[in-house]
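We will go from the whole chain to single residues.

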Amino acid sequence: MAKTKKCMDCGTFNEQDSKFCEKCGNSLNQNDTTKPQESTVNMIDCPFCGQKIPMNSEKCSHCGEWLDPSKDNPHGVSIVLGYIISIFGWLGLIPAIYLLTRVSSSAKKHGVIQLVLSIIFGFLGLFVNFY
Ligand SMILES: [Zn+2]
Ligand SMILES: [Zn+2]
């Protein structure tokens with residue numbers, strides 16, 4: 001086998017598949033492994049869609065979710081308001097549908113809950129009116 005792998009420590013050429021330098025025992029894969037690591041160290045999994053995104057990004061480029069929860073405050077307000085309105089019945093469908101149309105997956109999740117809540121309270125309202 002051709003000795004093509006150069007030891008970065010002593011300069012000795014080693015066989016391509018050898019992991020350690022035959023002369024000084026230095027790890028030959030050191031430079032091979034640090035490179036991919038560097039590119040993945042700065043990548044994190046998006047907590048919302050699980051795609052790899054740069055660690056310092058404020059917003060996921062795949063699902064559009066804000067990674068800083070404080071940036072999602074406009075949604076937070078409408079989510080809380082939506083829950084309050086959903087107790088009043090059919091009226092709750094408005095904020096629920098609003099949340100369902102948001103890009104944010106967490107807003108969508110709350111939208112589904114509020115949709116169910118407003119339907120339940122809506123039917124309860126009808127039931128109460130009959131008696
Ligand atoms: Zn060496
Ligand atoms: Zn995402």
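## The whole chain

Of the 131 residues of the protein chain, 16% count as buried. A residue is buried if 20 or more other C-beta atoms lie within 10 Å of its own, exposed if 12 or fewer, and partly exposed in between, with C-beta atoms placed from the backbone. This is a predicted model, where local features need pLDDT of at least 70, side-chain atom pairs count only at pLDDT 80 or more, and totals for chains, interfaces and linings use all residues. Residues are numbered from 1 along each chain as its sequence is written, while chains are lettered from A and ligands numbered from 1 in the order in which they are written.

Show the cartoon. The protein chain has 4 helices and 4 strands. Follow the sequence and the pattern reads β-β-α-β-β-α-α-α. Helices (H or I, at least four residues) and strands (E, at least two) are DSSP runs, numbered from the N terminus.

## Colour by confidence

Now colour by pLDDT, the predictor's confidence in each residue, from 0 to 100. The chain's mean is 81, and 82% of its residues reach 70 or more. Select helix H1 (residues 30–41): confidence is lowest there, at a mean of 52. Then select strand E2 (residues 13–14), where confidence is highest, at 92. Where pLDDT is low, the predicted coordinates should not be read in detail.

## The annotated stretches

Residues 76–100 are 76% helix and 0% strand, with end C-alpha atoms 14 Å apart.

## Helix H3

Move to helix H3 (residues 93–100). Which residues of helix H3 are buried? They are Pro95, Ala96 and Leu99. Look down the axis of H3: its buried residues fall within an arc of 105° (taken over the directions from the helix axis to the C-beta atoms), so they line one face of the helix.

Next, pick Leu93, also in H3. Leu93 is partly exposed, with 19 other C-beta atoms within 10 Å. Beyond its neighbours within four places in sequence, Leu93 is in contact (C-beta atoms, placed from the backbone, within 7 Å) with Leu115 and Ser118.

## Helix H4

Finish at Leu126, in helix H4 (residues 105–130). Is Leu126 buried or exposed? Leu126 is exposed, with 11 other C-beta atoms within 10 Å. Draw a line to Gly89: it spans 9.3 Å, C-alpha to C-alpha, across 37 residues of sequence.

Methods: Contact = placed C-beta atoms within 7 Å.
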